[in-house]
Amino acid sequence: MFGIATRSSRSMAIRSSFPNRTVAMTPQIIHRSYASKKKKVARVNPDALEITEALRVLKAMEVGNPDHQIEAHIQCKVEKSTPIIRGSTVLPRSIKQEATILVFATGKQAEVATAAGAQFVGGEELIEKVKNGFIKFDKCISTPAMFPHVTKIAKILGPKGLMPTMKKGTVTDDIAAVVRSSKSSFEFKADKLGVLHTGIARVSFNLEDMEGNLKAILEELRVFGKANNLKAIIQNVVLSSTRGPGISIVGGATL
């Protein structure tokens with residue numbers, strides 16, 4: 001007689017026929033990781049000092065040398081289209097003797113220039129003296145009427161950075177104001193990498209004058225930055241002295 005197979009015996013027979021087959025599978029959840037931009041972390045120099053403390057250290061390093069300079073080395077932001085960083089300002093306390101001013105002007109404007117303090121004033125006769133190297137000066141100003149004559153000695157004035165131009169404001173009819181500002185103005189120019197190396201004070205200056213001079217230069221740099229679409233143009237400030245170390249300034253970019 002043939003026996004009748006039960007349901008349980010049939011299921012066991014099926015399982016024994018496929019011994020290596022997995023009957024049930026648990027679905028796996030795959031977690032994908034996406035690349036994300038790392039946030040830039042501002043580097044902080046652990047040796048950086050507050051500006052007042054840095055100036056105290058430098059003054060202490062230069063005891064006995066009151067005429068030595070306190071210098072600033074300012075790293076500026078530059079791009080491919082950025083022109084050479086340069087400018088001029090009037091420092092709260094001048095670090096050098098008043099500049100010797102030469103003015104090309106005639107008539108009443110010549111009288112105004114002399115009254116404002118220009119050491120050399122004249123017309124075409126002054127051009128000949130400059131051409132022959134008879135006089136030395138630090139700044140050169142010209143009236144618009146005299147400027148065509150001054151261009152004759154552009155090859156002499158240009159290489160020395162003395163050629164008056166409309167852009168620099170040294171070709172003007174407002175002779176008195178320009179002469180007064182030129183006598184105490186401070187000019188600066190960064191290198192091709194955007195680093196400005198400049199003296200800001202003498203060791204004999206008090207701390208307030210030193211800090212005031214530095215901030216005046218930094219403010220003029222920001223004016224240059226705005227004119228050339230450079231946001232946060234000042235990136236780092238280091239102070240030093242003639243014989244002292246370089247000291248990074250805390251928060252130099254926002255002074």
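# Close-up views of a predicted model

View 1. Cys76 is buried, with a relative accessible area of 1%, where buried means under 20% relative accessible area, exposed means over 50%, and partly exposed covers the values in between, computed with a 1.4 Å probe on protein chains only. Cys140 is likewise buried, at a relative accessible area of 4%. A search of the whole structure finds 0 disulfides, a disulfide being a pair of cysteine sulfur atoms within 2.5 Å. The structure is a predicted model, in which local features need pLDDT of at least 70 and side-chain atom pairs count only at pLDDT 80 or more, while totals for chains, interfaces and linings use all residues. Residues are numbered from 1 along each chain as its sequence is written, and side-chain values use heavy atoms, with hydrogens and water left out. Of the 255 residues of the protein chain, 36% count as buried. Residues 24 or more positions apart account for 71% of the contacts in the protein chain with a separation of 6 or more, contact meaning heavy atoms within 4.5 Å.

**View 2. The largest nonpolar core.** This core has 34 residues, and those with the most contacts inside it are Ile70, Ile74, Ile200, Leu214, Ile217, Leu221 and Leu239; a nonpolar core is a set of buried Ala, Val, Leu, Ile, Met, Phe, Trp, Tyr and Cys residues joined through side-chain atoms within 4.5 Å. At least two residues of this core come from each of helix H2 (51-61), strand S1 (69-76), strand S6, strand S7 (195-202), helix H8 (207-227) and strand S8 (234-241). H8 gives the most to this core, with 8 residues. Apart from it lies another core, of 14 residues, among them Leu102, Ile135, Leu162 and Met163. Leu221 touches Ile74, Cys76, Ile85, Phe188, Leu196, Ile233 and Ile234, when residues up to four places away in sequence are not counted.

**View 3. The buried face of helix H7.** In helix H7 (residues 175-184), the buried residues are Ile175, Ala176, Val178, Val179, Ser182 and Lys183. Seen down the axis of H7, these residues fall within an arc of 165°, so they line one face of the helix; the arc is that of the directions from the helix axis to the C-beta atoms. The buried residues of H7 pack against strand S3 (101-104), helix H3 (107-116), strand S5 (139-142) and strand S6 (185-189). Gln109 lies in helix H3 and counts as partly exposed, at 26% relative accessibility. Although Gln109 and Ala176 are 67 residues apart along the chain, their C-alpha atoms are separated by 8.5 Å. Leaving out residues up to four places away in sequence, Gln109 touches Thr143, Asp173 and Ile175.

**View 4. Helix H4 and the glycine that follows.** Leu126, Ile127 and Val130 are buried in helix H4 (residues 124-131). They cover an arc of only 105° around the axis, which puts them on the same side of H4. The buried residues of H4 pack against S3, strand S4 (120-122), helix H5 (147-150) and H6. H4 is followed by Gly133, whose phi is positive, near 70°.

**View 5. Thr170 in the loop between helix H6 (154-157) and H7**. Thr170 is buried, with a relative accessible area of 13%. Its neighbours within four places in sequence aside, Thr170 is in contact with Cys140, Ile141, Ser142, Met163, Pro164 and Thr165.

View 6. Most residues other than glycine have a negative phi. Asn229, placed in the loop between H8 and S8, has a positive phi near 55°, and at 68% relative accessibility Asn229 counts as exposed. Ala232 is found in the loop between H8 and S8; its phi is positive, near 50°, and at 62% relative accessibility Ala232 counts as exposed.

**View 7. Arg93 and the ring of Phe205.** The charged end of Arg93 sits over the ring of Phe205, 3.9 Å from its centre; a charge sits over a ring if NZ of Lys or CZ of Arg is within 6 Å of the ring centre and within 35 degrees of the ring normal.

Note on methods
Helix = DSSP H or I, 4+ residues; strand = E, 2+ residues; numbered from the N terminus.
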